[in-house]
Amino acid sequence: MPRTRVTFGDVYVLEDEEAGDTHLGLYATVTDEGGTQLAAFRWNYRNGEVEDNFDYQLDGDPVDPSVVDFELTGLATITVKAYAAADDDNPWPDEGEHENFLGEASVVFDNREPSSLGGLLIGPTTTDNANQGIVVTATAELVPTPPEPRRDRVRIVFNDILVMNHEQGDDTHVALYVNAHAAAEGTADPIDQELFRWNNSGDFVDDERLYPLSHGTPTTTFTLVLGGPTRILMEAYANDDTAWPGPDTEYTFLGRSMFVIDPNDDRTLGSILVGPCRNADKHHGFMVTMSAERLPLDATPNLQITGVEVTQAIQTLNLPTLPDNALTLVAGKATLVRVYLDSGIAVENNGGTVAGVTGTLTMRGTGFTTGPLESITAMPVDRIDRTILGHTLNFLVPAERVAAGHATFVVQATVAGTTSNPVETAVEFVSQERLNIVIVRAGVGSIPAPSEADYLAVARTLPARYPIADSTPASLVFWDLPGSQTIHTGQNLNTEDGMTAFLDELEDLYGENDISEFKLLVAMVDASVPVARTGKARPAEHVAFCRQDFPVAGFAHELGHLLSLSHAPCGSGIEDLEPDYAPGDGSIGQVGVDPRVPRTYPATTGDLMSYCDGENGWVGYFHWERLHFRIQSLGQRRERRVAASPFGVLPRTGIPASRPFPGPYVAIRGYLSRADAVRWRPSERTFAPPSEPLGAEAAGSGYTVSLETTDGRVLGSAPVDPRFLYAAEEEASFGARLPYEPDAERVVLRRDGTELGALCVPPHPPVIALLAPNSVAQIDTEGVLHLRWRQIGGGTEADPPATCSVRFGNADGTVALRPGANLTGGSFDLDLRPLPGHDHCLVQVIATNGYHTSYVQPPPFALPSRPPRLLLGANDGPLLRAQGLSPQHGPLLDAALTWSVDGTPATTTGGTFDARSPGPGTHAVAVHATDPDGLTATQALGSYDGTTGLLLPPDHPA
């Protein structure tokens, strides 16, 4: 007997016989010629009230489905009738209890006659007041009946949702719920389950926006075993105050749809558009796109792309709190596009696998098309392990093809004559700011400093884990402190106190360089130096140090601190934890990928800001985004905060007797113990204004530093944040820069208003006299300048001994170096030979008595301009990298760098050169750096194979 399906569509309420809204109960039956009931349906607008002159979808629900199937040969009658009641306690008015009967109507069809099938209009009915009541639309159709019991595998994929009107005005939470229902039929079991739910990862949703459903919970790809028609119920709700609005919460109803997927009826398969579903205000609420296809029962593959991940180190995928591919992507960085496939084969057939799957990736509009790194064995999607690269089809987009702007990838997979669905993924690559790093190499005791090559080799590992371009000339800018590229410390770095004291030295060394606040000083010590930890940082002063042999746990970790990252919550003995870090165990939280190797890192890997996994650590999705925004913010400071050094505004003459230093600010520095004892470091006047924190403000810490008079009048104050980073630390540093107040008599640290410690301010600046040199004739500009000075007084509490520093610069204020710091004697020998040249070089001795500051200055003198030098990468090929450094002008980048091949200038400029570009043969390559004064440095790099771009051994024949 043929199977027939009736789908009830809409009801038009023409007259409900009530002055306002009312409850309506609609009842429909399908009977055969003999009056036997074949199917029934009822509806009451989800217990809501209806109005005259509106139409409503008869969307049904699992209990009262609006789609009914039955066996029939011949005539059938569909009868509808409706009742109304204004009583709120009666949501289902019926024949036994109602206020108004809205009438009855019927329509007859014959499933043997095609002309009587299709769209049907039932009504209008006539109310008991002789008005037209309701009209119902329905569809009657024949449904193919399998000749024998069926058991089909059907793959269902939910794609996108278009939110048309959520009726909330502003953004709101929207939740979509999808359920499946089917009776047992053939050899298939009954189905009554929620397939998935979606709420945009908890984020608000806009009207008139399309959202991908790819991050639904738990997945959006399903393979169901069906014996016959299966009803799919889809409904959505909105609410401002809950992330998962639904029928059990306060909500605005956005609509519902019930439709049938029948493996016996090809008309219900393929690409499906659901909706538009109407919301509670009778407007269009939402639409959903999806697909359904019947899969073979044997081992014949039927590929389906179920997800695409675009990653450069880590990416979000199937994460309940964030959309897929939500993390920032950076221009100039190798990108791996991972394609997740469902084989379409039942697991009972050879595990559901098919070998030899390949495919293509096209970057639309660029002419770039590529195949996968290798073919893979596809499998059922629920068997995929994301940590195994061989479980996904992987396409590498080289760094040089990743340009800033929008990009659209189109991917498709093929195997054994079958082709998957094409999937289009749109992303955006952002142009990332360069990181500016000041190189300092430190010897410790008898252990020499690392070489510059060793330093650069460690620093150039950063792009693997940082959201910066892969080519270090495009991502890292290296600076130095002429005359202080290599320093020496006698501190014991195997103790907390020794590491803290070394940071003090680095802070003093950096001096006024932080006036621009875009450069970060990272010192490096040799791998053999005993250390209490791999390194330490002082973010407020932009200085850190690490050991050479820990590029991740040391260099990347401490640089992260300088970018205002706190610790991820993993590892013992650490404090200063990031309270918002996700996930809470300090792991990276998603599968990490290094596209250049390629290799993966399990989601359980420790984050680089944790103390788990050490050198195997990777960057978590939380810190990837933090790093991106902090690097952008830091780079923008170069444009905002570059200021002249103090030398540019001080007299250009010798000053043998001390004067008050005219810096408008005073740098306050100190330490707070765990017992709340305060230890002050010498403060001094400065031209550097207060810092702009990259991360959280210190204002929430409760600690403040203030300048006060003895009677308690506050002249100025600023928040500080003395943080204990590790359990072994007994003291936490703090610092602030405040406007200098000459009348200040006390410097006070308070917590929540309670005084913890105070520094008594001497009444006058220290008095010092310059003993030598007092004339230009006493300055050997090709050797060492011997500075000598003496403090006048300095033996009382009101006139304490001064702490001094030596600064070097020029009258234009383009250089500010501090080669000598924290000096308590009266002499310092300054080697002038490595220092930047200028016709008016200046040296100052700065003296502070803990607050007030004075200075003396020998006569200005001239130094010749120094030629630039080159910082080189490994340069084994094929990509060669270099950067120039000028003592006078700083880094030399971009057009300042040129290349030559076999003695002839190449067309390439900038910090990267492809040794394959000259073509076949053996070619000698050299790089040149030219500063703005025309001074040049040249470095021959060797001979390269023009086909492979690799460096040839010295004895290779030309």
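Trainee: Where does alanine 416 lie?
Mentor: Alanine 416 lies in the loop between β27 (405–415) and β28 (418–419). Strands here are DSSP runs of E with at least two residues, numbered from the N terminus. This is a predicted model, where local features need pLDDT of at least 70, side-chain atom pairs count only at pLDDT 80 or more, and totals for chains, interfaces and linings use all residues. Residues are numbered from 1 along each chain as its sequence is written, and side-chain values use heavy atoms, with hydrogens and water left out.

Trainee: What's the phi of alanine 416?
Mentor: Positive, about 45°, although alanine 416 is not a glycine.

Trainee: Is alanine 416 buried or exposed?
Mentor: Exposed, because its relative accessibility is 73%. The cut-offs are under 20% relative accessible area for buried, over 50% for exposed and partly exposed in between, with a 1.4 Å probe and protein chains only.

Trainee: And what about the phi of histidine 542?
Mentor: That one is positive too, at about 65°, and histidine 542 is not a glycine. Histidine 542 sits in the loop between β34 (535–538) and β35 (543–547).

Trainee: Buried or exposed, histidine 542?
Mentor: Buried, because its relative accessible area is 6%.

Trainee: New topic. Which residues does the cis bond with omega of about 5° join?
Mentor: Glycine 275 and proline 276. Proline 276 is part of strand β18 (residues 270–278).

Trainee: What's omega for the bond from valine 597 to proline 598?
Mentor: Near -20°, and that bond is cis. Proline 598 is in the loop between β36 (592–594) and β37 (599–601).

Conventions. Helices (H or I, at least four residues) and strands (E, at least two) are DSSP runs, numbered from the N terminus.
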